[in-house]
Amino acid sequence: MTHTIGIDIGGTGMKAAIVDVDSGELVGEKIKLGTPDGAKPDDVARVCRELVEQLDPNGNLPVGVCFPAVIINEVAFSASNVDTSWIGLNVGNLLEGVLGRPVHVVNDADAAGFAEYKFGAAKDVSGLVLVTTLGTGIGSALIYNGVLVPNSELGHINLPGHRHNTAEMLAANVVRVRKGLTWKRWAEHLQLFYSTLERLFSPDLFVVGGGVSKDYDEFLPLLSLRTPIVPAQHFNDAGILGAAALAPFAR
Ligand code: BGC
């Protein structure tokens with residue numbers, strides 16, 4: 001039985017739990033704290049310390065962290081809904097310094113996608129699984145025969161006929177809510193997004209995550225694709241589970 005800590009850092013909230021990375025189950029309670037105003041690196045690191053101290057006060061479980069940014073070798077190369085001072089920062093080093101234990105940092109959608117492959121809707125699916133998270137932004141994860149191809153950022157592609165808008169600007173769940181779009185109208189944007197991804201990648205399975213995937217029966221049946229498309233199984237915990245499963249020494 002291997003236990004690690006997963007932390008999911010978002011623009012508004014931070015969540016963490018100890019995870020049994022063999023079974024994909026949370027061990028004990030999940031803790032949630034607000035993201036400090038402005039989501040600046042030192043402030044966020046302090047909240048990570050609080051989370052880890054509450055979960056594992058005297059232990060030294062390794063930590064996996066997921067974060068809404070392109071992450072290459074622990075360094076952030078973008079920043080969505082968090083302060084821009086993250087860009088260029090070695091997030092892994094910052095957090096290892098503050099937490100005093102091994103840390104591995106990955107993109108939030110990559111973590112959620114990996115969790116769906118290991119423990120959820122895409123468990124053991126071979127070939128190409130394309131996971132998208134529909135939330136404030138659109139995140140994506142590509143998993144090919146169980147190997148995560150990181151930082152795909154498919155929410156940032158331009159869709160046919162929309163040269164000035166990325167997929168995320170048209171089809172994120174936040175856009176549906178902000179513009180008061182009906183499910184049917186929103187599904188038209190999703191149709192364009194998923195049929196473009198289908199044409200580009202020919203995946204074996206689409207998995208749709210993000211909080212709105214709970215309402216999948218309102219919009220997935222409206223889509224017409226040749227690729228099977230299913231809702232994620234781990235709604236709010238996917239980031240924690242995937243980050244923990246990708247933590248140092250987790251596998
Ligand atoms: C970011 C991605 C992130 C996604 C979901 C996008 O805006 O570019 O890195 O995975 O939002 O949070």
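## Strand S1 and its partners

In strand S4 (residues 63–67), Val65 is the bridge partner of Ile7. Strands are DSSP runs of E with at least two residues, and helices are runs of H or I with at least four, both numbered from the N terminus. The model is predicted: local features require pLDDT of at least 70 and side-chain atom pairs pLDDT 80 or more, whereas totals for chains, interfaces and linings use all residues. Residues are numbered from 1 along each chain as its sequence is written, and side-chain values use heavy atoms, with hydrogens and water left out.

Strand S1 (residues 3–9) runs parallel to S4, and 4 bridges join the two; strands are taken to pair if DSSP finds at least two bridges between them. S1 also runs antiparallel to strand S2 (residues 13–20), to which 7 bridges join it. A hairpin of 3 residues connects S1 to S2, and Ile7 stands opposite Ala16 in S2. Of the 7 residues of S1, 6 are buried, a term for relative accessible area under 20%, with exposed meaning over 50% and partly exposed the range in between (1.4 Å probe, protein chains only). In a regular strand the side chains alternate between the two faces of the sheet.

## Aromatic pairs

A pair of aromatic rings is described by the distance of the centres and the angle of the planes. Rings of Phe, Tyr and Trp (its six-membered ring) pair if their centres lie within 6.5 Å; planes under 30 degrees apart are stacked, over 60 edge-to-face, and the rest tilted. The whole structure contains 6 aromatic pairs. In one of them, the ring centres of Trp186 and Phe219 are 4.9 Å apart and the planes meet at 65 degrees, so this pair is edge-to-face. Because Trp186 belongs to helix H6 (residues 183–201) and Phe219 to helix H7 (residues 216–219), the pair ties together parts that are 33 residues apart in sequence. Trp186 and Phe219 are both buried.

Tyr194 and Phe206 form another edge-to-face pair, with 5.2 Å from centre to centre and 70 degrees between the planes. This pair links distant parts of the chain, as Tyr194 lies in helix H6 and Phe206 in strand S13 (residues 205–209), 12 residues apart. Tyr194 is buried, with a relative accessible area of 0%, and Phe206 counts as buried at 0% relative accessibility.

## Surroundings of Trp186

Ring pairs connect Trp183, Trp186 and Phe219 into a cluster. Arg176 lies over the face of Trp186, at 5.5 Å from the ring centre; a charge sits over a ring if NZ of Lys or CZ of Arg is within 6 Å of the ring centre and within 35 degrees of the ring normal.

## Ligand site

The residues surrounding the ligand are Pro68, Ala69, Ser80, Asn107, Asp108, Ala109, Gly137, Ile138, Gly139, Glu153, His156 and Glu168, where a residue is near a molecule if one of its heavy atoms lies within 4 Å of it.

An N or O atom in the side chain of Ser80 is 3.2 Å from an oxygen atom of the ligand. For Glu153, a polar side-chain atom lies 2.6 Å from a ligand oxygen atom, and for Glu168 a side-chain N or O atom is 2.8 Å from an oxygen atom of the ligand. Taken alone, the ligand exposes 310 Å², of which the protein buries 91%; accessible areas come from the Shrake-Rupley method with a 1.4 Å probe, and for residues only the protein chains shown count as cover.

Methods:
A polar contact is a pair of N or O atoms within 3.5 Å; within protein, one must be able to donate a hydrogen and the other to accept it, and residues adjacent in sequence count only if both atoms are side-chain atoms.
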